[in-house]
Amino acid sequence: MASMTGGEALVAALAAHGADTVFGIPGTHNLTVYAAMARHGIRHVSPRHEQGAGYAADGYARSSGRPGVCLTTTGPAILNAAAAAAQAYSDSVPVLFVSPGMPLRHPGRGNGLLHEIRDQSAAMAAVLGRSHRVTSVEEIPLAVAQAWTDLSSGRPRPVHLEIPLDLLEERADVTVPGPVPAAARTPAAEAVEAGAAACAAARRPVLVVGGGAARAAGEAVSLAEAAGAPIVSTANGKGIVPEDHPLFVGAGLQHPCVLELMDDSDLVIAVGTEFAPSDWWIGLPDLSGKVLRVDIDPAQIVTNVIPAVSLVGDAALALRALLERLDVPEPADVPADVPAYGAKRAARWRGLHRAAARDEGAPWLRIVSAIAEALPRDAIVASDSAMACYYGALSNLPLYRPGAFLYPTGGGTLGFGLPAGIGAKTAHPDTAVLVLQGDGGTMFTVAELAGAAELGIALPVVVVDNGGYGEIRNEMADRDEPVHAVALGRPDFPALARSLGCRGVRVGDAAELTGEIKAALDADRPTLIHVREESRAAEGMA
């Protein structure tokens, strides 16, 4: 027990749970928190907008597997971060959002205090489902411990913690608990037996990996090898299985050949995926009676697709249990050659997937190929909800590690890529991190270039410029409706980057882009690399 202000109690509790970085912006109401950071060894990263802070904490969490922390001040500041909170919620990313709130004895109808809003905690609860307002200094470390448990066990959804601003200044004797070990969530034995029987009986299985399989990469590969199952991944599952594995078909479920693969399979093993429309753009096939579903969330396991067999539990534990029942050797003892029929099936469907991906991504293939040539195998790519990303990179840019593709799947927000890349580079300072986004999304969070420059990080930021909101322009045209409000002109992005302390260059061909990315990975500051896209989306938008 020690005497601390509420602000220091918060910081001490975060440090006790292994938090090493906080993304945020100081304000009048959270200064006692900032005063305590250095004493407890917590690094602070200063984005230029609270939404950027939220996305950076998200990128930190997605790439590292550890909870990210976003700290704002009261009222408008935490509302600025609400879009990032919604994005983290939709993609099951563990981010702790912390903000001061109105004082404990603040008048119920308000009195015009600085940053006052009607019910800040209720607003965040409406976005996240969980917002905890503490009522004493002594409760602050306990609230952090409870939030961290929520972030680190079960489905990792974000949490909001509100601390009345008067408690941040108040002093009390507090006890700071350490991390609470998460309970192992092992699926029921009878469910494992049923799953093993389904795997053993299947002659044409397929494995679908989503973001919930990130901590079960080795087990997922071992199960696929044992069953001879071709593998496809969702956007958030991209990189969990190395994309040069002989059983890997492709990332991205939006292609008709993926539906045909599901129809051709007699067992669909789905690990940590929602079967959400944001992944299956053209609709789900009929999967009745042939889905073995692994998910830690018992509510999710019957959402969108009702499985024939349900394994509710941690993905790694569930897949290990299946492997034990199938009497499969340990991963180190698995022979290099996978079952011949499974490899042949995978090769066939991989060819169809690659052809579909190249057709869909044709306008961006030169860009994607140039990026692939420049990046090392362990690279991380932070992308935006941009055409170059979901048509170009998702299915055409090979990646090889869990947490390698940061993409705002569920929320589909613009402006995610740059701050998420900053968060990933903060978590992995010695790893190559690249940002890929469009010109429209860039303008949402372009100020974060200044924060990245201040950090002095080597971060290539590839901006694919089609002169505006290309996707929406195409949709308007396809509906035979007036095309308007989508042209954004042609800002001088390299000059803008240089004005914010970064390098800024413009490239005209793929070879030049590869060279500039390689140079940017060795630079002493971020580099914005501007690429003009010549495609249907750019017509009439210059």
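**Overall fold and aromatic contacts**

The model is predicted, so to speak of local features takes a pLDDT of at least 70 and side-chain atom pairs count only at pLDDT 80 or more, while totals for chains, interfaces and linings use all residues. Residues are numbered from 1 along each chain as its sequence is written, and side-chain values use heavy atoms, with hydrogens and water left out.

On overall shape, the radius of gyration of the protein chain is 24 Å, which agrees with the value near 24 Å for a compact globule of 542 residues (taken over C-alpha atoms; the rule is 2.2 Å times the number of residues to the power 0.38). The C-alpha atoms fill a box of roughly 70 × 60 × 45 Å along the principal axes. Secondary structure comes to 21 helices and 20 strands (DSSP runs numbered from the N terminus: H or I, at least four residues, for helices; E, at least two, for strands). Buried residues account for 59% of the 542 (buried is under 20% relative accessible area, exposed over 50%, partly exposed in between; 1.4 Å probe, protein chains only).

Now for the rings. Aromatic pairs number eight, going by rings of Phe, Tyr and Trp (its six-membered ring) with centres within 6.5 Å; planes under 30 degrees apart are stacked, over 60 edge-to-face and the rest tilted. One of them joins phenylalanine 23 and tyrosine 60 edge-to-face, at 5.9 Å centre to centre and 65° between the planes. This pair bridges 37 residues, from strand S2 (residues 21-24) to helix H3 (residues 50-64). Phenylalanine 23 is buried at 0% relative accessibility, and tyrosine 60 is buried at 3%. Tryptophan 281 and tyrosine 391 are also edge-to-face, because their planes sit at 75°, with centres 6.0 Å apart. Here the partners are 110 residues apart: tryptophan 281 in the loop between strands S12 (267-271) and S13 (291-295), tyrosine 391 in helix H15 (residues 387-396). Tryptophan 281 is partly exposed at 34%, whereas tyrosine 391 counts as buried at 19%.

Arginine 157 lies over the face of tyrosine 89, 3.8 Å from the ring centre, and arginine 348 sits over tryptophan 349 at 4.4 Å.

Key. Lys NZ or Arg CZ within 6 Å of the ring centre and 35° of its normal.
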